[in-house]
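Reader: I am new to this structure, and I would like to learn how its features are read. Could you take me through them with care?

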Amino acid sequence: MKYPNFMMKLAALAAIVAVLGGYQSVASARAAAVAENEAAIEEVEAYNREIQLENARRQAVETYYEDGTYEGEGKGYGGPIRVSVTLEYDVITDIRVLSHDAEDPAYFSMAEALVQQVVSGQTTDVDAVSGATFSSKGILEAINNALDKAVKSEN
Amino acid sequence: MALLRAAVQAVFFVVMPGAFMAAFSGVKSIFLAVSEGSVLELNSFVAALLGLSGFTVLFGRFFCGFACAFGTLGDFVYWLSGLVQTKLLRRKKQVQIPERFVPVLQMIKYLVLAVIVTACAVGIYANLNQYNWNPWSVFSFLTSLRFTLNGYIIGGILLAAIIVGMACKERFFCQFLCPMGAIFALLPQFPFSALQRDEENCIKGCRACSMKCPVGIKLEKDGFRNGECIGCEKCTGVCPKANITRWDRKLVRNEMLPVIVKAVLLLGLGVLLRLVR
């Protein structure tokens with residue numbers, strides 16, 4: 001063999017890629033099954049949320065937050081991150097990132113996934129993305145900051 | 001050539017200081033996904049890992065030698081320490097970690113890689129992280145010009161210790177501790193990407209290239225087919241007979257042009273991977 005070192009490392013790399021590929025096909029099959037279940041569950045939950053919202057509207061229940069859209073700011077890796085949070089009957093219906101000028105783009109795009117997690121879990125108590133800790137913390141801080149502003153004054 | 005290298009390093013230090021961290025976060029992201037049993041995603045960290053790995057397979061460890069911000073920090077600290085010791089303290093030679101320990105110490109980085117990958121894959125990495133131990137995080141505060149520890153006490157101490165090491169051995173972190181360096185060293189780099197040494201032409205008993213090598217490669221024994229080579233090209237300049245070369249250097253009859261071309265390609269890759277600030 002002409003390049004024993006190169007060939008050996010190539011074989012090792014191919015083995016690792018093959019193992020990860022095998023893992024990926026198993027994980028994908030599992031994810032597809034889970035997604036099917038989750039879609040069914042989400043359908044029921046969305047229906048429940050609607051009923052809850054409808055009841056709240058009808059009975060004018062006391063809410064903790066004032067309905068509306070609020071802006072909040074948090075300290076990210078390189079500077080401030082600003083978000084807007086929309087609340088309706090204490091449900092976080094939407095979160096938008098307004099600005100993140102000082103974040104490194106590759107890092108920020110990793111942390112941005114947290115926004116969806118907060119909306120679906122209705123909590124800011126989620127884990128930071130490994131490797132993008134500071135952008136993650138900045139986003140969560142900004143959301144909390146917006147939520148603080150939304151608290152009704154009598155509370 | 002030394003000036004060109006310093007200039008290229010300075011540009012990459014300012015423009016993409018987070019590249020090595022993003023690439024290694026790609027490794028972590030893969031094995032954290034494995035620990036959760038979730039599907040592997042091509043996120044921006046994994047893209048950075050694949051991009052820099054591909055570049056290394058094609059061109060050798062040019063990224064390590066010319067573009068990694070942490071490597072540049074190491075070169076700067078070593079240069080500064082040499083300057084202080086010889087000019088200020090009037091010592092003849094800079095304090096050095098003895099060469100005979102180097103091959104053993106170089107093995108530590110594979111252990112670092114194995115420990116982090118295992119911790120991610122079995123799902124204990126998050127627990128480890130609460131101790132704020134990561135010296136790279138502290139370094140990232142500095143490159144964003146925030147001179148704060150942010151609660152990273154252990155990370156700060158480790159970074160300080162690494163800087164002391166950098167002062168005593170050229171490329172201390174890269175060759176002994178860097179988990180990303182471990183991956184690059186294990187990658188199959190195309191044989192044509194390596195420098196070649198024309199032994200027939202060598203002056204008998206001359207070891208100038210080996211003496212100059214920051215990562216202790218014994219060129220007269222091992223040649224360049226060695227993952228440890230960080231592609232700094234220092235050996236090429238020190239050879240009295242200009243015996244160390246590569247196809248591209250021969251082709252353009254110039255040592256600077258290949259470096260500039262690779263630097264521009266890498267910068268383009270950095271823009272593509274959104275690693276450029």
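Reader: How much area do chain A and chain B bury between them?

Author: The size of an interface is often given as the accessible area lost when the parts come together. In this model, which is a predicted one, chain A and chain B bury about 2800 Å² between them, and 62% of that area lies on carbon and sulfur atoms. The contact draws on 26 residues from chain A and 41 residues from chain B.

Reader: Which side chains meet in a salt bridge?

Author: The count between chain A and chain B is one salt bridge, and in it the side chains of D104(A) and R277(B) meet, with 2.8 Å from N to O. Across the interface of the two chains there are also 13 residue pairs in polar contact.

Reader: Which element gives the most to the side of chain A that touches chain B?

Author: That element is α1(A), with 12 residues, and by class this side of chain A has 15 nonpolar, seven polar and four charged residues.

Reader: How do the axes of helix α1 and helix α17 of chain B cross?

Author: Two packed helices are described by the angle between their axes and the distance between the axes. Here the axes of α1(B), residues 2-15, and α17(B), residues 256-272, come within 11 Å and cross at roughly 5°; the two helices are therefore roughly parallel to each other. Among the residues that make this contact are L4(B) and F12(B) of α1(B), together with I260(B) and L267(B) of α17(B), and by class the residues of the contact divide into 10 nonpolar, no polar and no charged.

Technical notes. Residues numbered from 1 in each chain as written. Chains lettered and ligands numbered in written order. Predicted model: local features only at pLDDT ≥ 70, side-chain atom pairs only at ≥ 80, totals over all residues. Heavy atoms only, no water. Contact = heavy atoms within 4.5 Å. Buried area = accessible area lost by both parts, 1.4 Å probe. Salt bridge = Lys/Arg side-chain N within 4 Å of Asp/Glu carboxyl O. Polar contact = N/O pair within 3.5 Å; in protein donor to acceptor, adjacent residues only side chain to side chain. Helix = DSSP H or I, 4+ residues; strand = E, 2+ residues; numbered from the N terminus. Nonpolar A, V, L, I, M, F, W, Y, C, P; charged D, E, K, R; others polar. Axes fitted to C-alpha atoms, helices over the stretch in contact; angles between N-to-C directions. Parallel < 35°, antiparallel > 145°, perpendicular 65-115°, else oblique.
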